[in-house]
Amino acid sequence: MSPKEKTPDLIRDHETGATDVASSPTGANKERMFKTPGYDAQDPPPKDFSCPPSPTKPSTNIPFPSHHGHLENVEEWLKKCHFFNDAENRWEIGHLLDPKDPSALSFALALTELIVESWSQDEEGHSRNVCVPTPDDYNKTRKYPDIYIVGDIEYDTFLRPGTPELVAIAVSENIKNVTRHIESLQSYAQQMFKRQPNRNFALVLHMNEEHARLYLFDRMGHEYTDLIDIHAQAAEFVSVVIRLVSFDAATLGFDPSITWTLDDLISQHTQQGYIHTVNAKGQPRSLHIGPCPKFIDPTLAGRGTVIWDVVDHVGSPLIVKEAWRLVRDVNRDTPEYEILKKAQGIRGVVQMVDCEEVVCKTSDWRKRSTTACMVKYRIIMVKGKETMRYFHRFPPERTLGTLIAVVEGHRDLLLDRGVLHSDISVNNILFGLIEGGLLIDLDYAVNLEPGAYCRKSTEPRGTFPFRSLNNLAGNLGLPQGYTDDLEAIFYILCCLFLRLDGKGYEVIYALDSNNKRVVQRIDKRNDLIVETGANVTDEMMQLMDWEDIQHPDKAYLAKLAFLREDKRTFEQQHRLTSSKYWDLPTRRCWDLIHDLREMFWEINVIKFPSLASKAGRPDKTFKDLHERDQVERYYKRFLGYLQQAIVDIQDSRRQTSGQDRVAIRSPAPRIPTPTDFNRARPMPKLSPHIPPAGTRSLAPSGPVLTRDALSRTRPTEETSPSPHTAVTKRLRDVSDPKEDKARDLSSEKATNHSKSSPQGTKGKKGLRKRGVEYTSPQKTKRRRQANEEG
C-alpha cells in the first residue's frame, strides 16, 4: 500500500499503557543533541522568539520501546538492510522513488516509510503509518507540512478524535539555515497544538536528500538538534525516526492524563473523554470532557491556556483551565490558584473547586542548563455562560447587570482581600448561569500591601485594546491601580456599543478595493469578513487605533480624543456604528457613555494635570485618588451610572408596552369632521349612547365618506347610526354649545326650505337663494386641513 493510500480516514480509539524504556544512540548524546537557539555557532538564533533559554535536567536516555534495541541493533539492521550500502554509507532507494517526481519530497517519503514500516510495530502488532496531507483531508488547516506520521485512534487513547497526527515532517532543499525556515516550521507546530490541545510539545522533522534536523516546539519556544547527515550518520537518523514512531504519549509530546474512548467504533458518534487529575491533597479525580475544548490559546509560546467544559461524577457542570506559568516570574510571582484561594466567597469572581498545581514541567524534556522553567497547572472552577463578546444572547438589562456584578466583585476583591485584577478584557467577563456575572482569568492579578489600592510598578499590564490612558502613557505612566481596571470596563462597554454587533462579530474599519474606508464585520474565530458597510470618517477610524499595539502613542491619542469630545460631536461621529442590539434604549445608553466619559476624564485629569485647562486645574492629587473614601466614592459612582441605565431602560420598555395600539400601528384613516358634509342636508340622528369618559375610540377602518357618497347612502330614522355618527357626536360634545345651537337652527331652516321648493335649485346661486353659505372646494380643503392639524 502506498503512503497516499494510508491517509487517516477512520477515527478509532484504544487504551494502552506505557512501554519499557531502553537506551538509544541519541539518548547517549542528549546533552549534545538538543540545544536552545543561540548555542549553534553555525546557525544564528531566530529573531521571533524572546523566550529564555531552556532549563536543565541531568542527561537521560530518550525512551524507546525495548524491542527496538540498542545502537548495536540499529547498526545490525542497517547491515542487513537491502536499501543501505554499508560500504559507502549511503541509502540506495532510487527504485523506490516515484519516477514522475524524483524530488527531495519523494526521497523523504520513501525513506521515512521504509524506516517506519520496519521499526514501528509493537508486541501486539500495531504500527504507524506515513501519509501525505491534502487540502481535502485538512481543509480546516491553513498550513500543513509535507508528510505526517499518523497513529491509530483505535489504539492510541491520547489522540483526540479526528486528529491522528503524531509528528510533522517538512522537506526543503536547504535546511542548514534555521532562521530562514523557523517561521514555517513554527506554523506547523502551531497547527498541531491547535488541533491537539492536549499536547505539551510538538516534534517537527526537517530534512532533505542529504541532511535532517529535529525541532521541538513547546510553550517556551523551541529547541533543535545538530544537523544530521542521514547517510554518514544513518544509525543516528534511524534512532531519531524511531523516537517519532513511539507508542508512549509523553515521548511524542502528549499529556497522558487526557484520554478519549469511542464507544461506537462504526458510527463514531459517541466520543467520551476523560481528564484524570489529582487534587491538592493527592487524591485522584476523573472528569468527563467532550472531543473539543471551549477555548484554545492560538499562540505557540506563552501561557497556552486551554479551557475544557467538564462534568464531574455527580453530573455538575464545571470548567477546567490548563495553563503554563514561568517559575520565578517577577511579573507574576503569585500563581493564579493562590489568588483564587483568596477570592473564595466573593460574588462576581469565579470560584475555584480544586486544583493540580504541577501537571508537568518543561524541564522534563528540555535538557539544556538554564534557570528558567515553565510549569503546567490545572484549575477546576465553577462554570459560567458565554463571554461578554456574545452579549446579543441576553437583553440589555442583563448585560449591564453582568457588568454591575463584575464591578462589585472587583471592588470586594480589592477592598476585602487586597487583590487587584490588572487584566480586564471582553473575554475575561462571563455571564452567570442564572444572573450576575463572573470575573475570570486572574493570571496577572497582584497581591497589594495592606491599605494600598495600586501597584508599585509602572509596567503596563492588561489586554491592549482595553488599556487605560495611564497604561499607554509610556515613561510618563503612573502605577496601575483600581481606576485603570474601571477604565478598562468602560472601554469594554464602549466596544459592546460601538465595536461588537452582538453576534461575536467585531466591527473594524478598513480600505476596500477602491481605497475607500468601509465598515467590516469580522468573525474573529475564523478571520472571515461577514459584512461590509458604508464609508466611515476619520473620527470613527480612531477606534481602530485602540488595537495598534505597535504604536501605543496612537492608541493613547485616540482614547484621549474619545474622552474629551463634546456630546453632540461624539454622537454624530459614532452613531453609524452603534450596535442594533441597543436600538430600543439607545438614548439611555448614550447618556451612560457620556456620564462615564466625564467620570474618567475627571480621573485622568487628576492623574495628569497637564490635560486640564488653566482655569480647571484639579484640587486632588494622585495620592488623594487612592484614599479609602475616594476609592469607595468612585466605585459607587460607577455602579450608580450602570444602575440608573437599567432603570431607564426598564422605564422605556414599560412606556413602549403601555402605549395605545393606535400609536404603534400603521397610520389610521382620518376622522371625518362636519365640514366634510353638505350642511344643507340634515344630519342623521345620533345614537343616544355616549361612551364614558376615558374610553378610547379607534379610528374607522373604512375610507373617509365624501359628499357624493354620503348623499347616496343617506341614513333614515329606521336605519341604525353608522360609526361616523358616533364619532361626529363625540366631536360635537366637546364643541361650543352656542355654535351647536346656531348650526342646528341653520340646518333645520335649510331642510324646511328644501321641502318647500319642489324643484330645488342647483349651483352657487341656488345655495344663496336657499340661505346657505357657499364654500368653494379650495376653502373646504383648507378648512379640512386646519381641522386635522387642530
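Predicted model: local features only at pLDDT ≥ 70, side-chain atom pairs only at ≥ 80, totals over all residues.
Residues are numbered from 1 along each chain as its sequence is written, and side-chain values use heavy atoms, with hydrogens and water left out.

Let's start with the overall picture. Now for contacts, which means heavy atoms within 4.5 Å. Among contacts in the chain with a separation of 6 or more, 66% are between residues 24 or more positions apart. The accessible surface is about 39,300 Å², and carbon and sulfur atoms own 50% of that; the area comes from the Shrake-Rupley method with a 1.4 Å probe.

Next, the aromatic rings. The structure holds 22 aromatic pairs. Rings of Phe, Tyr and Trp (its six-membered ring) pair if their centres lie within 6.5 Å, and planes under 30 degrees apart count as stacked, over 60 as edge-to-face and the rest as tilted. Take Trp324 and Trp365: their ring centres are 6.2 Å apart and their planes stand at 75°, so this pair is edge-to-face. The two partners are 41 residues apart, with Trp324 in strand E16 (residues 317-326) and Trp365 in the loop between strand E17 (352-361) and strand E18 (374-382). Trp324 is buried at 3% relative accessibility, and Trp365 is buried too, at 9%.

A stacked pair is formed by Tyr482 and Tyr635, with 5.7 Å centre to centre and 25° between the planes. Tyr482 is buried with a relative accessible area of 0%, and Tyr635 is buried at 1%.

Ring pairs also build a cluster, linking Phe490, Tyr491, Phe497, Trp546, Phe562, Phe570, Trp590, Phe600 and Phe638. One of these rings, that of Trp546, has the charged end of Lys559 sitting over it, 5.3 Å from the ring centre. A charge sits over a ring if NZ of Lys or CZ of Arg is within 6 Å of the ring centre and within 35 degrees of the ring normal. Arg633 does this as well, with its charged end over the ring of Tyr634, 4.9 Å from the centre.

Now to helix H9 and its neighbours. Two packed helices are described by the angle between their axes and the distance between the axes. Axes are lines fitted to C-alpha atoms, for helices over the stretch in contact, and angles run from 0 to 180 degrees between N-to-C directions. Helix H8 (residues 396-417) packs against H9 at about 170°, with the axes 11 Å apart. H8 and H9 are therefore roughly antiparallel; that label covers angles over 145 degrees, while under 35 is roughly parallel, 65 to 115 is roughly perpendicular and the rest is oblique. Where they meet, H8 contributes residues including Leu403, Val407 and His410, and H9 contributes residues including Tyr482, Ile489 and Leu493.

H9 also packs with helix H11 (residues 552-564), at about 80° and with axes 13 Å apart. That makes H9 roughly perpendicular to H11. Here Glu487, Phe490, Tyr491, Cys494 and Leu498 of H9 meet Lys559, Phe562 and Leu563 of H11. Phe562 is buried, at 3% relative accessible area, and its C-alpha atom is 8.2 Å from that of Arg597, 35 residues away along the chain.

Glu356, found in strand E17, is buried at 13% relative accessibility. Leaving out residues up to four places away in sequence, Glu356 touches Thr277, Val278, Tyr377 and Arg378. Ser422 is not a glycine, and its phi is positive, near 75°; Ser422 is in the loop between strand E19 (419-420) and strand E20 (429-431) and is buried at 1%. Asp441 likewise has a positive phi, about 60°, without being a glycine.

Key
Helix = DSSP H or I, 4+ residues; strand = E, 2+ residues; numbered from the N terminus. Buried < 20%, exposed > 50% of the residue type's maximum accessible area, 1.4 Å probe, protein only.
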